[in-house]
Amino acid sequence: MGYSVHTLDYAVRQLGSAASFPDRRHVLDSEIKHFQSMARRLYRVFAHAYFHHREVFERQEATTGL
């Protein structure tokens, strides 16, 4: 649980940081590494949640169609 919360906080902080992404309309090549790192970390959180708590996803999908 701690890793998941930490990872989500990290992603929100990075995406909202003017220091990391000064121009929100254009991403420089040097900033791509931040996206790759975030994507890898968020994938781990999502994969764990989906494979270990699949029934929650199925219930939500049945309710909302998402």
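**Entry 1. Basis.** I worked from a predicted model, in which local features need pLDDT of at least 70 and side-chain atom pairs count only at pLDDT 80 or more, whereas totals for chains, interfaces and linings use all residues. Residues are numbered from 1 along each chain as its sequence is written, and side-chain values use heavy atoms, with hydrogens and water left out.

**Entry 2. Surface and charge.** I then looked up the charged side chains and found 9 positive and 7 negative, with the centres of the two sets 6 Å apart. Lys and Arg count as positive and Asp and Glu as negative, while His and the chain ends are not counted. Each charge is placed at NZ of Lys, CZ of Arg, CG of Asp or CD of Glu.

**Entry 3. Overall form.** I found three helices and zero strands, in the order α-α-α along the sequence. Helices (H or I, at least four residues) and strands (E, at least two) are DSSP runs, numbered from the N terminus. Along the principal axes, the C-alpha atoms fill a box of roughly 40 × 25 × 15 Å.

Entry 4. I recorded 20% of the 66 residues as buried; the term means under 20% relative accessible area, with exposed over 50% and partly exposed in between (1.4 Å probe, protein chains only). Of the contacts (heavy atoms within 4.5 Å) with a separation of 6 or more, 44% join residues 24 or more positions apart.

**Entry 5. Helix H2.** I looked up H2, residues 32-52: its 21 residues reach 30 Å from first C-alpha to last, close to the 30 Å expected at 1.5 Å a residue. The expected span is 1.5 Å times one less than the number of residues. Ser37, Met38, Val45 and Ala47 are its buried residues, and they pack against helix H1 (2-16).

**Entry 6. Single residues.** Gln14 lies in helix H1 and counts as buried because its relative accessibility is 15%. Leaving aside neighbours within four places in sequence, I found Gln14 in contact with Ser20, Phe21, His34 and Met38. Ala47, in H2, is likewise counted as buried at 15% relative accessibility; its C-alpha is 29 Å from that of Arg25, 22 residues away in sequence. Phe51 is also in H2, but is exposed, with a relative accessible area of 58%. I noted 29 Å between the C-alpha atoms of Phe51 and Gly16, which are 35 residues apart along the chain.
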